[in-house]
Amino acid sequence: MSMAHRTLFKPTFLLTLTHNKTFISHNPFRHSIILPSTTITLNTHLRWCSSNYTTTIDDGSTAKAKGYLGLTDEELMRQCELGTFKTSGPGGQHRNKRESAVRLKHLPTGIIAQASEDRSQHKNRASALNRLRSLIALKVRKPVDLDSYSPPLELLQILPPKSSIRGSDCGPQIGPNNPKFALGMQALLDLIFAAEGSVSEVAKYLGLSTGALSRLILSDDSLRMEVNNLRASKGMKPLK
Amino acid sequence: MKLSLSSVYRPYRFPTLINSSALGRPFCSPALSSPSTILKPQVPLFLRPPINSTKLCDLKKWHDWAKGVATSIGSAFVHSDNGPDSSLLCREIKWLMEDAVEDHSVFSHVGLEGDECVKMRVDIEELYCLWKQRVQERRPFQYIVGCEHWRDLVLSVQEGVLIPRPETELIVDFVCDVVSKNEDLKRGVWADLGTGSGALAIGIGRVLESEGRVIATDLSHVAVSVAAYNVKRYCLQDKIELREGSWFEPLRDMEGKLAGLVSNPPYIPSKDISGLQAEVGRHEPRVALDGGIDGMDALLHLCDGAALMLKPGGFFAFETNGEQQCRALVDYMENNRSGSFCNFEILADFAGIQRFVIGFHQ
Ligand SMILES: C[S@@+](CC[C@H](N)C(=O)[O-])C[C@H]1O[C@@H](n2cnc3c(N)ncnc32)[C@H](O)[C@@H]1O
């Protein structure tokens, strides 16, 4: 009998397989990657990513930051190792244990996000993915050229309406509870890092008063912490 | 190899629980409107009316008691049969309160003290009984609350019906993938054999085009009734038809017509049943678990039937006990059903166990 054993990362199901061959695959799930962790390297993985974002991953380690958050949930999930319940015992019909916790490891960055509060693994997966997006926004930095800086739309969208550079075409302000906030927060952090933590300098680029920008930063706990960590490393006082 | 039609349709085993009237009836109407034949399914706790009232301090007393019981278990169940540990039991207490109490905001009230009353869907005395059953009898949590959260669904379950497992969720994703690439399959008729609570049928019913339909079968009368209840709750009566009977027996009219066939049949080898975790072995129906000597009885029967029932290009997906059964099943298809199927794949579950065999009819 001909059995082709392959361990592969499939972006989606391969439905165009050779007739009467059996493929053993460790990735049954179209949104996810199950890692038989020792056998797969990042490179193998990248080959299986669709080309439109392979390039963003392959080029310099910083330019890809926006790339990750621009991915759809499925694309992002494909870059992750998905760990769920522990593998004690045969599982399936043998088991009744509500171990619905989900742990996602984003392979290109090593960032880990988890969720376990819900009864359904499905929902925990969605929460973990949202959490991963904000962690990427917080942790992955992109260099900014301050001389030619112009804020991207996703950053303008999280600014309060009173910003003098925010056109009316930006729509209503996007707050921290909106999933789109992560993208804007990432761009804001890029700018703050480029300005070495100086809130007053960043405020000028964004057409805001220092006070208004501080309030924006304080509106999200993780954003505040990230900014204050940076400021602490530069010997500056924390924002309160 | 020539297929013998009679063997596919022969109700492949007659468990003692089947009554003759069920056998005589080729299918069972999906509506709950034939009360003489359909058992009335239990309403899950979270859907019951909040007609009981309990003082917050009494609820708190229950909570502390239940937590004490859970904590005293430690890892005793884990050691005896790989059952739940106290931290899992404590999580279940939280979920039980969520289902039992109408207004969840009471949980954020610090302390749960006072004479203030909360509306509950169950009497506090019964809540004590339920938790005793959970711990002393190891009654599955899902039977206690009468539901299981599965994918984005909340399915009603009760004794007599298998609690759907997280592994099985993946089969719906396989189907999603296949139909997203093939309009014809998306509009076709699918079958879920041994539907239990109706989980797979409902999951698939929601991804098919409007013309697409699912026929879900089960030998168990309780399962068919509970599946009908769940189908109705998701308003899929027009899409999902339930038929009572053994495997392909209620599907004689579908020969060569099915666009897809999925099943999570009983696959545990008989000798392993006695060693199962108490929640499973003592409380879930044996007919849903026991797959015969090597666990393959139903799977092999389903392979034979799939060859007959699927139309050319039709898709199948089976859940198995693991790697050994996956390989045996593929061997069987290649050697005994050569020419019937193509493009087999063995796919792993979340835990990395090779769990599913999927493929297409030639
Ligand atoms: C493991 S359970 C799966 C239930 C459901 N599909 C799920 O995944 O949660 C197996 C189901 O097959 C049914 N079953 C067992 N023998 C059968 C037979 N001969 N014909 C039809 N269904 C059968 C059982 O009643 C049970 O509901």
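Close-up 1. A polar side-chain atom of B:S246 lies 3.0 Å from a nitrogen atom of the ligand. The model shown here is predicted. B:W247 contributes a backbone N or O atom instead, placed 2.9 Å from a nitrogen atom of the ligand. B:D218 takes part through its side chain: one polar atom there lies 2.6 Å from an oxygen atom of the ligand. How much of the ligand's accessible area does the protein cover? On its own, the ligand has 590 Å² of accessible area, and the protein covers 99% of that.

**Close-up 2. The ligand lies between chains A and B.** Its site is the largest pocket. There are 18 residues around the ligand. Those that come nearest are B:G194, B:D218, B:W247, B:N264 and B:A288. How does this shell divide by class? It has 8 nonpolar residues, 9 polar residues and 1 charged residue.

**Close-up 3. B:N343 is part of strand β10 of chain B.** This strand runs through residues 341–348. Is B:N343 buried or exposed? B:N343 has a relative accessible area of 11%, so it is buried; the cut-off for that is under 20%.

**Close-up 4. B:N343 and B:F360 are a pair to view together.** Along the sequence, B:N343 and B:F360 are 17 residues apart. In space, their C-alpha atoms are 6.1 Å apart.

Notes: Residues numbered from 1 in each chain as written. Chains lettered and ligands numbered in written order. Predicted model: local features only at pLDDT ≥ 70, side-chain atom pairs only at ≥ 80, totals over all residues. Heavy atoms only, no water. Near = heavy atom within 4 Å. Polar contact = N/O pair within 3.5 Å; in protein donor to acceptor, adjacent residues only side chain to side chain. Areas by Shrake-Rupley, 256 points an atom, 1.4 Å probe, with all protein chains shown as cover. 1 Å grid on protein atoms, 1.4 Å probe; cavity = no way out; pocket = protein on both sides within 12 Å on 5 of 7 lines; lining within 4 Å. Sits in = over half its atoms within 2 Å of the grid points. Nonpolar A, V, L, I, M, F, W, Y, C, P; charged D, E, K, R; others polar. Helix = DSSP H or I, 4+ residues; strand = E, 2+ residues; numbered from the N terminus. Buried < 20%, exposed > 50% of the residue type's maximum accessible area, 1.4 Å probe, protein only.
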